[in-house]
Amino acid sequence: EEKNMRCAAREVLLKANVQSVPTYPMSCFRLSPAVCKKLTSAVSNYWWGSSLDNHKIHWLRWEKLTRSKSEGGMGFRDFALFNKAMLGKQGWRLIKRPNSLCAQVLKGKYYPNSDFLLATKKRRSSATWRAILHGRDVLSRGLIKRVGPGDIDVWEDNWIPGVRSLKPVVRMPQATAVKVHDLFIPGTRNWDESVVRESFMMLDANEVLQIRPRVRATEDVLAWAFEKKGFYSVRSAYNFLKQEQTEAAMAKTGESSASGGSAQWSSLWKLDIPPKCRVFWWRVLHNSLPSRAELKRRHVEPESHCHVCGDPSESLYHVFFECLTAKHFWKAVKDLKGLAIPRLHPCSFATDILKPEICNASVAALIVCGAWALWTGRNGRRHGRTVWEPGAAARYVSNLLEELLALRPQNQPRQPPAR
């Protein structure tokens, strides 16, 4: 039964089981690259439908699948990055609970005369200590000092939460401040705006002036920069690492950050349609369905003509709108629902459908479900499994959407999916 699951069902199974099972060992030990690679390979093979005797095409690289759904991915975990984020939690506990038994034992053995952030890896360190030091990397990059008395090095310490580097980017020639308290009005903990603007660039200065120094604090405390309350969380640490990985991958491939189109992904996952149809359209947007035109482009098949109408190129747009079967289907939909399909461009139809100025939510849901029915019928005909009747398919899609609408409580908006 698992082999016949659709992608939406596989997604739930993978996230509920495969990604959650290794959580405990990930919080204690660093998984080797070989183990992470095997886990990644198993998840990726199952997601794309591969098995020992039947290898399927992996249409997208794993890095894209691990992006959040709002960025065009499927929200799968990158095991290596999640492992590092989990281990960062152990380092956070050593910093915030120095009197705990675990912290005292580790300090006595590995850093008796220094701080945890300055501790080194000794020759015969245990696997647990090596794992904690591995997680310290993300921890040190996200730690920030909350301004109190202002005994913070202006140019070396992390203390500006609104700046990506967490510290000033450029030191102005006329800057004289060394410690943060040098930027205060003497005798107070209020910023001297003229000194701040003389010391930093405009963006840095604006962020500094938004910081509210803690009036009653006796020292500058360490906090986690990516959470409002300052407490370390695995989620924010993982998101930070994943964002870095995504930006590096985009820079390497020349992909524009705007190409993700967060608005279109948000519109897709909010559509009131079955999950299998949403995942299907996600694959359409990524051009990761095996149309004959795409298979020929990838040198998998020698020909790309349509088996139904003989068109020389069976693209996704052709299957959904131009083929004789598609025309009969949409005519049946128009007769049944009274809705006409808007004119769509062959190159941008997948994104145009999700734009509210072109299609409202109900029309977009109908088109996506109709395209899913057409694709399912096309696959059935190719493999000789069924006889596909456009009128029956149109009635099925119409009844499916009406049943979903009836099941939803009145005035209850659909919640967006988790990452």
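1. The model is a predicted one, and its count of disulfides is zero. Cys306 illustrates the point: its closest cysteine sulfur belongs to Cys309 and lies 3.8 Å away, which is too far for a bond, because a disulfide requires two cysteine sulfur atoms within 2.5 Å. Cys323 is likewise in no disulfide, the nearest cysteine sulfur being that of Cys306, 3.8 Å away.

2. Are Cys306 and Cys323 buried or exposed? Cys306 has a relative accessibility of 4% and therefore counts as buried. Cys323 also counts as buried, with a relative accessibility of 4%. The cut-off that applies here is under 20% relative accessible area.

3. The loop between helix H12 (275-285) and helix H13 (292-297) holds His286. With a relative accessibility of 18%, His286 counts as buried, since the buried class covers values under 20%. Which residues does His286 touch, once its neighbours within four places in sequence are set aside? The contacts of His286 are with Leu60, Gly72 and Trp265.

4. Asn287 is also placed in the loop between H12 and H13. Its phi is positive, at about 50 degrees, although Asn287 is not a glycine. The relative accessible area of Asn287 is 32%, so this residue is partly exposed. In the scheme used, partly exposed residues fall between the 20% limit for buried and the 50% limit for exposed.

5. A positive phi is also found at Leu166, a residue other than glycine, where the value is near 65 degrees. Leu166 sits in the loop between strand S1 (143-146) and helix H8 (193-199). How is Leu166 classed by its relative accessible area? Leu166 is buried, because its relative accessible area is 3%.

6. Leu203 belongs to helix H9, which comprises residues 202-210. At 68% relative accessibility, Leu203 counts as exposed, the threshold for that class being over 50%. Leu203 and Ala237 are 34 residues apart along the chain, and their C-alpha atoms are separated by 25 Å.

7. Turning to the whole chain, the secondary structure consists of 18 helices and two strands. The C-alpha trace spans about 80 × 55 × 45 Å along its principal axes. What radius of gyration does the protein chain have, and what would a compact globule of 419 residues have? The protein chain has 28 Å, whereas such a globule would have a value near 22 Å.

8. Burial and contacts can be stated for the chain overall. Of its 419 residues, 44% count as buried. Among contacts between residues at least 6 apart in sequence, 64% join residues at least 24 apart.

9. The protein chain exposes about 23,300 Å², of which carbon and sulfur atoms supply 54%. How many positive and negative side chains does the protein chain have? There are 65 positive and 38 negative side chains, and the centres of the two sets lie 6 Å apart.

How values were computed
Residues numbered from 1 in each chain as written. Predicted model: local features only at pLDDT ≥ 70, side-chain atom pairs only at ≥ 80, totals over all residues. Heavy atoms only, no water. Helix = DSSP H or I, 4+ residues; strand = E, 2+ residues; numbered from the N terminus. Rg over C-alpha atoms; globule rule 2.2 N^0.38 Å. Buried < 20%, exposed > 50% of the residue type's maximum accessible area, 1.4 Å probe, protein only. Contact = heavy atoms within 4.5 Å. Areas by Shrake-Rupley, 256 points an atom, 1.4 Å probe, with all protein chains shown as cover. Lys, Arg positive; Asp, Glu negative; His and termini not counted. Charge placed at Lys NZ, Arg CZ, Asp CG, Glu CD.
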